[in-house]
Amino acid sequence: MLIDSHAHLDSPRYADDRAEMLVRAREAGIGAVLSIGIGEGPAQMHQALELCRSFNAQRAAGAKFPLLYASAGVYPHNTHEIDEAVISRLEGLLAEPEVIACGEIGLDYYHEGARHDVQRAGLIRQLEIAASRKRPILIHCRPKDGTMDAWDDLFPVLEEHWRHTGLGGIMHCFGGGWDEAQRSLDMGFLISFAGNVTYPKAQALRDVAARVPLDNLLVETDAPWLAPVSNRSKRNEPAFVSETARAIAGLLGREEAEIAAATTANFFRLFGIHLSGLQPDMGN
Ligand SMILES: [Zn+2]
């Protein structure tokens with residue numbers, strides 16, 4: 001069984017075939033998916049939870065879907081929309097048992113958008129809420145090309161506002177170098193690789209992935225974006241996470257089954273400790 005630790009299942013790009021897409025995931029051996037609750041802005045943060053409830057109910061009634069979890073958070077380029085109403089909605093969502101993570105949150109200096117100081121303030125505010133709700137965080141960190149600027153700003157924020165919680169989190173769609181990987185591991189983060197690790201030009205990223213300890217690895221799709229190389233530039237979906245897992249297995253010289261077992265155990269270790277009573281029945 002594999003877990004897709006990051007997919008935007010609420011994307012309008014699944015409007016016509018969301019259920020079929022989830023059936024394909026289950027058939028491909030995907031046992032669970034973390035559905036990311038950022039929508040296209042804070043007004044849609046609740047969409048992942050709603051999907052999660054609806055499909056899990058159908059699953060309980062016999063539908064062959066993966067088990068879904070949800071997150072909620074404000075994406076870096078939406079942080080200028082954060083006000084007290086958004087904060088109280090986020091607090092409410094993070095209190096729900098299915099909403100196991102706060103994210104994706106972080107810093108994006110790659111695209112033009114929210115000012116860097118606004119992004120940092122929005123991140124810090126959400127770290128406080130995630131801490132109070134005892135939810136691990138999903139970090140999006142993307143520097144400007146050829147720099148490490150966003151990482152350089154991210155780590156001091158996490159050191160000051162997050163490390164002490166001991167809650168950890170996931171460096172989603174990891175794209176840093178080995179230094180950034182080490183600093184993340186040191187702070188208790190898991191490192192999640194997406195389909196871009198399979199791209200021909202991604203040798204530097206593969207070199208990093210090959211050094212991440214098995215106990216700290218996750219795989220994800222970031223669907224509908226970043227389809228692995230065999231479907232590159234097409235719409236991505238959770239079923240394709242197996243291609244990324246295969247690539248990682250090759251890099252580590254491990255069996256695919258070992259990668260599947262380790263990444264699944266890592267996912268439940270990160271979220272399970274704080275959510276007793278919500279251990280999934282992985283049967284079906
Ligand atoms: Zn994402």
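## Around His8

Which residues does His8 touch, leaving aside those up to four places away in sequence? In this predicted model, the list runs to Tyr14, Ile36, Ile38, Glu104, Asp222, Ala223, Pro224 and Trp225. His8 itself sits in the loop between strand E1 (2-7) and helix H1 (18-27). Its relative accessible area is 5%, so His8 counts as buried.

His8 and Asn236 are 228 residues apart along the chain, yet their C-alpha atoms are separated by 10.0 Å.

## The zinc site

The zinc ion is held by NE2 of His6, NE2 of His8, an OE atom of Glu104 and an OD atom of Asp222, with distances of 2.0 to 2.4 Å. If you want to find the donors in the sequence, look for the spacing H-x1-H-x95-E-x117-D.

Why is the arrangement of the four donor atoms irregular? The angles they subtend at the zinc ion go from 87 to 176°, and a tetrahedral call would need all angles to lie between 85 and 135 degrees. For reference, the ideal angle for four tetrahedral donors is 109.5 degrees.

## Two cis peptide bonds

Back to Glu104, which is part of strand E4. The peptide bond that joins Gly103 to Glu104 is cis, with omega at about 5°. Another cis bond links Ala223 and Pro224, and there omega is about 10°.

## Positive phi values

Now for the backbone at two other places. Most residues other than glycine have a negative phi. Cys173 has a positive one, near 45°. You'll find Cys173 in the loop between strand E6 (169-171) and H6. With a relative accessible area of 16%, Cys173 is buried.

Ser233 also has a positive phi, near 75°. This serine is in the loop between E8 and H8. Is Ser233 buried or exposed? Its relative accessible area is 73%, so Ser233 is exposed.

## Helices H3 and H4

Next up is a helix pair. Helix H3 (residues 84-94) and helix H4 (residues 116-132) have axes that come within 10 Å and cross at roughly 30°. The crossing is right-handed. On the H3 side, the contact is made by Glu84, Ile87, Leu90, Glu91 and Leu94; on the H4 side, by Arg125, Gln126, Ile129 and Ala130. Sorted by class, that gives five nonpolar, one polar and three charged residues.

H4 also carries Gln119. Gln119 counts as buried because its relative accessibility is 0%. Beyond residues up to four places away in sequence, Gln119 touches Pro76, His77, Thr79, Gly106, Leu107, Asp108, Tyr109 and Ala114.

Two more residues round out the tour. Ser184 is part of helix H6 (residues 178-186), and with a relative accessibility of 0% it counts as buried. What does Ser184 touch, not counting residues up to four places away in sequence? Its contacts are Trp151, Phe155, Met171, Phe174, Phe189 and Ile191.

Asp149 is located in helix H5 (residues 149-161). At 22% relative accessibility, Asp149 counts as partly exposed, the cut-off for buried being under 20%. Leaving out residues up to four places away in sequence, Asp149 touches Tyr109, Pro143 and Lys144. Tyr109 is also one of the contacts of Gln119. The C-alpha atoms of Asp149 and Leu107 are separated by 9.6 Å, with the two residues 42 apart along the chain.

Methods: Residues numbered from 1 in each chain as written. Predicted model: local features only at pLDDT ≥ 70, side-chain atom pairs only at ≥ 80, totals over all residues. Heavy atoms only, no water. Axes fitted to C-alpha atoms, helices over the stretch in contact; angles between N-to-C directions. Helix = DSSP H or I, 4+ residues; strand = E, 2+ residues; numbered from the N terminus. Left-handed = near helix turned anticlockwise from the far one by under 90°. Contact = heavy atoms within 4.5 Å. Nonpolar A, V, L, I, M, F, W, Y, C, P; charged D, E, K, R; others polar. Donors = N, O, S within 2.8 Å, 3.2 Å for Na, K, Ca; no water. Tetrahedral: all angles 85-135°; square planar, octahedral: opposite > 155°, others 65-115°. Buried < 20%, exposed > 50% of the residue type's maximum accessible area, 1.4 Å probe, protein only.
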